Amino acid sequence: MVDQTSPELVTLERLAADFAGRGRDALLPALWAVQTAYGYIGPEAVRVLSQTLDIPEADIYGVIGFYSMFYDRPAGRTIIRVCTSPSCGLAGADRALHTLCDRLGTVPGGTTPDGQYTVEQTTCLGLCEHAPAALVSRQGAGEQQYAPIDIDAILAGQPGHHNGVIGSMTRVLLRDLPTDRAQTLAEYGEYVALQRALSDLMPEEVIAKIEASGLVGRGGAAFPTGLKWSFTRRAPGTPHYVVCNADESEPGTFKDRVLLEIRPHLLLEGLAICAYAIGAEQAYIFIRGEYPLATERLQQAIAEAEAAGYLGENILGSGFSLHVEVRRGAGAYICGEETALFEAIEGKRGYPRIKPPFPTTHGLFGKPTVINNVETLCKVPGIINRGGRWFRQWGTDLSTGIKLVAVSGHVQRPGVYEIPLGVTLRHVLEALCGGVVGELQAVLMGGAAGTFLRPEEIDVRLTFEDLRAIGSTLGSGAIMVFNDTVDLRDVLRRIGEFFQHESCGKCYPCQLGTQRQKEILDRLATPLPGDRQRLADIGQTMTESSLCGLGQTAAAAVLSAMRQWPELFPA
Amino acid sequence: MAEPASTVTLTIDGQSVTVPANTTILEAARSIGVDIPTICAHDATTPRGLCRLCVVDINRGRLLQPACIVPCQDGMVVETANERVRTSRRTILEMLHSAVDLSQAPAIQRYMAEYGADPQRFPEGRRREHPVLDDNAFYIRDYNKCVMCWRCMQVCAEDAQYIFALSIDARGFSSHITTAFDIPMPESTCVFCGQCVGVCPTNALKPKIEWGLEQGLSPDQIRETSRGMRRRQKPIRVE
Ligand code: SF4
Ligand code: SF4
Ligand code: SF4
Ligand code: FES
Ligand code: FES
């Protein structure tokens, strides 16, 4: 505890002063500042922030409790989180977790007696191609990723690392070097597409080009991007905002992380073009707290772009200005839901809002807002430069262009691959990823919220419509591969754990259903009579009656497994 | 642009009904005697669509919709109690019953019977367990009975008092109503207006006197313990 005159309190007040006058939406950055400096956010800090930002103490406490990377009491000075989601599970995450705990003399969820280390189990860290993965937070220093886990390096305080396996059939987003660091502005070149938009195109013409390309959102919902932009452009009320959803947290998804880490300027140029098109002067990039490297590289790229006059006031003398702010999430999958993400930026618990109204008219701060996924925005410069027809040379009429897929699990070369839509899943697994390791048993398409395919289904073409036709989904492009050594019940157990951990708890079907579903999935090997019908009823109720997409898909993988392998679910 | 129509006509369970635009489906249904069950909705609080007990089937859509929120539209075909709707309601009630002590929530008990919800449907399910909090002179908080309808928090905040003594900690099944850092009510900003107690549908919040009598205390004993607590109470903060 800190008393009224302690040096800590003085430091706290100085720290809080940085956020004075900024209002409630400064809460998340302020909480991060305290969390990083002190390792937790205690009552004194909450009191100071409450006064500085004029937010009730109870509300701040509620926000701390919502995010898994914030602590309201002291934890270890180093917090080690080990991912136990499916792809890491296959790669020995449980063993790594226990070895780590044994070496430190603690248990998962525990802190060593000297207060040095806390070890926790966590859900997907977006490093699935280098499984098993860990995220380490050090008091005073922030976060680092280790993939694959290197216990000695973690305990020795050495920096973490991971390097992407990247492949590209179409060489649009992922062409050229480098792949192991961020492309600099000099390497990326002058924001040509932005310059063209600003000097030659009216905002409506920019939108028309995007519409002509047939581009749909790459975050999972597949909504037509041009339409979203034109709704927002026309929506009454000012200001308008652009938000980039970089909160990629779907288990098995890591394509946005790769783009952020190696092609930050592509994203920034796409973001600026979008802002020009919809009449926004303020943009936010909301990035998950588990992506420290991507965050750092993005910040550097923004500084470079500002210095070169591609962002900031009066861009290239056009009279158009754009301010870009990066906001860090703090461990909550639900903040990838667009309205929950707005709430998070606004300094509240990340609860999804009821829709309608939709973000195009009532988004961030209640204003017209375009929210687009990282990969979606990265497609924009190419389309402006080369046109909608160029983009349509790939894909089908309904699924145009290119897509990044993130492949993890039992393939020779897990990684991110750029494909023209319409290639088969078999081509991805065999030609790009070098084949399945062992005998293929199942593919989970679209992440934990997706559906399972059987080996005889992998000739399906990867398009939105082909996958829908077989009751599956492309989702955000996550592809998890399981060979015949895997107990699918174990995979389902990890999926159940994920949704139980990440349900926000706002609506009853999902708040209660994810808990009960997990309990039944935990005991799949020794079920109670009636469990199959229980799972079916929970699944139907969550799917049809939940408030947001998380609950509406929390049973998708389970229900698909029940169709594909009924023998796993005794009545 | 044409003036928006001031009334809309829709079908609810086969009956045609005309209501003013912006009427919710719940209100429209009630106006023709069709009963839709609700837990979280309350006249004094902003609807948040939490419990989903009021879900109905609109035009056989992919998703069921909360009747307490969705406004009526011309030509809608609403089914308030078909098989899909009943499965959701029954399952929600069964899951709720397996997690929370509903013994003093008679309305929810009635719904359980009406929807054929089996109180034992989820054996071995984790329950929400909290110690009963008896920390002030006016009411007790027994969150074992709390269904997370948010009403107490809403009336304490923008829906009535602007006191902001209450919030929610944690997430998902573990989320629960509490004060900042779980401090006792008297140390919070609470002004003991009693609004929260008045809107609680499950008796999770209960006047001290009522609770004391249930515990077998005499009115004198209850007054005595309350007096002690009142003395410890901090003065109301004036901003
Ligand atoms: S569906 Fe789940 S995540 Fe979405 S609002 Fe309901 S409880 Fe929250
Ligand atoms: S009694 Fe206290 S907690 Fe309840 S509504 Fe009034 S001020 Fe808020
Ligand atoms: S304490 Fe009562 S009013 Fe408050 S959320 Fe729980 S059930 Fe609702
Ligand atoms: S990082 Fe572990 S499954 Fe994605
Ligand atoms: S009464 Fe409609 S959601 Fe609760």
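## Cysteines

Cys548(A) is buried, with a relative accessible area of 10%. Cys124(A) is buried as well, at 4%. Buried here means under 20% relative accessible area, with a 1.4 Å probe and protein chains only.

## About the model

This is a predicted model; local features need pLDDT of at least 70, side-chain atom pairs need 80 or more, and totals for chains, interfaces and linings use all residues. Residues are numbered from 1 along each chain, chains are lettered from A, and side-chain values use heavy atoms, without hydrogens and water.

## Where chains A and B meet

In chain B, 49 residues are in contact (heavy atoms within 4.5 Å) with 50 residues of chain A. The area buried between the two chains is about 4100 Å². Carbon and sulfur atoms give 55% of that area. Buried area is the accessible area (1.4 Å probe) lost on being put together, summed over both parts. On the chain B side, Met95(B), Arg171(B) and Phe181(B) lose the most area to chain A. Together they make up 21% of what that side buries.

The interface has 4 salt bridges (a side-chain nitrogen of Lys or Arg within 4 Å of a carboxyl oxygen of Asp or Glu). One salt bridge joins the side chains of Arg171(B) and Glu502(A), at 3.2 Å from N to O.

Methods. Buried means under 20% relative accessible area, exposed over 50%, partly exposed in between (1.4 Å probe, protein chains only).
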